[in-house]
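Here are my notes on the model, point by point. Please keep the structure open while you read.

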Amino acid sequence: MAGFRIAQIKVGESCSIARKRAHAYKLPSAYKQEIMTNITAILKKEFRSYFNSPIAYIFITFFLGISSWFFFRSFFLVNQAEMRGFFGLMPWIFLFFIPAVTMKLWAEEKKLGTVEILMTLPIRDYEVVVGKYLASFALLAVTVLLSLVIPLSVSYLGDPDGGTLIGGYIGLLLMGGAYLAIGLFASTLTENQIIAFIFGITTCFVLLIIGEDIVLFNTPNWLFPIFSYLGLGAHYSSILRGVLDSRDIIYYLSVIGFFLYLSALSVESRKWR
Amino acid sequence: MIEVRELTKSYGPTIAVNQVTFDAHAGEVLGFLGPNGAGKTTTMRILTCYLSADRGSATVAGYDVFEESVEVRKHIGYLPESAPLYTDMGVIEYLNFMTQVRHLPKSQRKERTRAVIDICGLEDVIQKDIGELSKGYRQRVGLAQSLIHDPPILILDEPTSGLDPSQIIEIRNLIKDIGKEKLVLFSTHILPEVSATCSRILIINDGKIVANGTPDELSSQAKGEDTVHIAIRAPQDAIEAKLDTLAFVSQWNHVKTDDGVVGYKITAEQGSDAAEALFHVVVENGWSLTELRQESVDLEDVFLNLTVREQE
């Protein structure tokens, strides 16, 4: 970067101009620093608050309990060392767990009134949105990481396909990430956590089933490609097959980006004239 | 440091803030006085960049609240009404979070946290969760939060509500102290509070500023007259004849006669030192004085006058 900066200064320019230029280039990095500090502070606060309340423990315990039960039930019946059943269930388990994680992120702040202090701190709205999102993503990542116990025991008992396993976990994080963004948006709309929860589930559910065969079968032809592309599940199942297609990754990242943008808009809407 | 010009904000059909214009400078304690729902909180929320206004402009510390809101927020410490705090956080944890989002350099964080704990008297509760604290302590934590970055402008929305009398006095003293160098803007609907603390008062009613001045100015504006209660042991006729001749007495009323002591309520021109003059009159005439009391015009009268009249 420094070399680049010097290269930009034309021969013959005086020292003071050079210094001014260097200064002008420095500003964005200070700005970046500030954004990082803000996001990290919010992230840390929200992540800690998950563990200050019972939410994180309940989430982790129930998630691990339910997923291992579903997994091992079929595992011993079919007697095969594979995780397809486990991964196949995840979109449906996430449907109920993830909105429960995100519902409080904004609704609680509004209810308590703390949003008034938060939004009058020298932090930009989107920084708070991103910080909160990353905190919920961190909780999801920790939980998913802990569920690695299942594949570890599978590999002890048999010889699962490493590609599908890695693909499955990446898919899990991407899909969970999309659910989180939707849930976060739902939470910005209301001060009631129950409403945020239900709205989050409903939105995720709709986005999940529009890609299902049974829905696609009954959609008009012109809507078919849109629905099948927008469906949250279809991209996930293609990742599950062990094929990491950039289109699927881009799809999830756009869903996350879109709903984070909507969240920022919704938070900002208090200021609309 | 604060310049507000014709600020207007409405919620649907109700106009919460209507053409509000005022200035405030460092070293002032500005009391925002008004009945409930007068628009105090909305004005403060606009100044702290929580809400925007429909029309008008406002600059805080030289920055525009609509265009440069992050800069504005850096210069403000804000305590919203009823001190909303994260109940699941510990006191120290909360203050630490505030030092981070306020971008205090690492070297100062401990020192500033220490300082606000001392200022706000939080020593006894630093180990507790905010959820366990009483209303008074929460209010203090909220105040600590607003002071942690040593802001040049402090905006407090009803800072003394829910506190017990001794705590109220502490907070008032604190506000006065801070107001010596900085600008404190605080709202209240409790009258004695402003006369005890403020260097200047803004009375707001139905979204409009109806009065703006020092407590003394406002008191005199409202009446322009002093009232003196006097009781004299002397013949009633003689007193009344004398009262009629005094230039500064604009009106007198006979209140009572009790065992030879005659009581009057005298209205005199403002600033005429009526009590002292009356004392000399009594002495010159050889009467004896049993009661002499100059009534200071209450801010309460001013307030009621302004707000009730406006509502009619």
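1. Elements first. Helices (H or I, at least four residues) and strands (E, at least two) are DSSP runs, numbered from the N terminus. By that count, Lys132(A) sits in helix 7 of chain A.

2. Ground rules. This is a predicted model, in which local features need pLDDT of at least 70, side-chain atom pairs count only at pLDDT 80 or more, and totals for chains, interfaces and linings use all residues. Residues are numbered from 1 along each chain as its sequence is written, while chains are lettered from A and ligands numbered from 1 in the order in which they are written.

3. Confidence in chain A. pLDDT is the predictor's confidence in each residue, from 0 to 100. Chain A averages 83, and 88% of the residues score at least 70. Helix 7 (residues 125–146) of chain A has the highest mean, 94, and helix 1 (residues 2–8) of chain A the lowest, 40. Residues 1–24 of chain A have a pLDDT below 50, and this stretch has six contacts beyond near neighbours in sequence. Two residues are in contact if their C-beta atoms, placed from the backbone, lie within 7 Å. Where pLDDT is low, the predicted coordinates should not be read in detail.

4. Make-up of chain A. The secondary structure is 14 helices and zero strands. Of the 273 residues of chain A, 37% are buried. A residue is buried if 20 or more other C-beta atoms lie within 10 Å of its own, exposed if 12 or fewer, and partly exposed in between; C-beta atoms are placed from the backbone. Among contacts in chain A with a separation of 6 or more, 76% join residues 24 or more positions apart.

5. Why does Lys132(A) count as buried? Because 29 other C-beta atoms lie within 10 Å. Leaving out residues up to four places away in sequence, Lys132(A) touches Ile42(A), Glu46(A), Leu105(A) and Leu184(A). Leu260(A) is 128 residues from Lys132(A) in sequence, yet 10 Å away in space, C-alpha to C-alpha.

6. Overall form of chain B. Eleven helices and 14 strands make up the secondary structure of chain B. An automatic or database domain assignment sets the domain bounds. Chain B is split into domain 1 (2–214) and domain 2 (225–296). Their C-alpha centres lie 47 Å apart.

7. Strand 12 (residues 249–258) and strand 13 (residues 261–269) of chain B pair antiparallel over eight bridges. Two strands pair if DSSP finds at least two bridges between them. Lys256(B) stands opposite Gly263(B) in strand 13 of chain B. Two residues lie between the strands, and Asp259(B) takes a positive phi near 55 degrees.

8. The interface. In chain B, 21 residues are in contact with 22 residues of chain A. Helix 2 (69–74) and helix 3 (91–101) of chain B each give two or more residues to that side of chain B. The buried residues of helix 3 of chain B include Val91(B), Tyr94(B) and Met98(B). Just after helix 3 of chain B, His103(B) has a positive phi of about 55 degrees.
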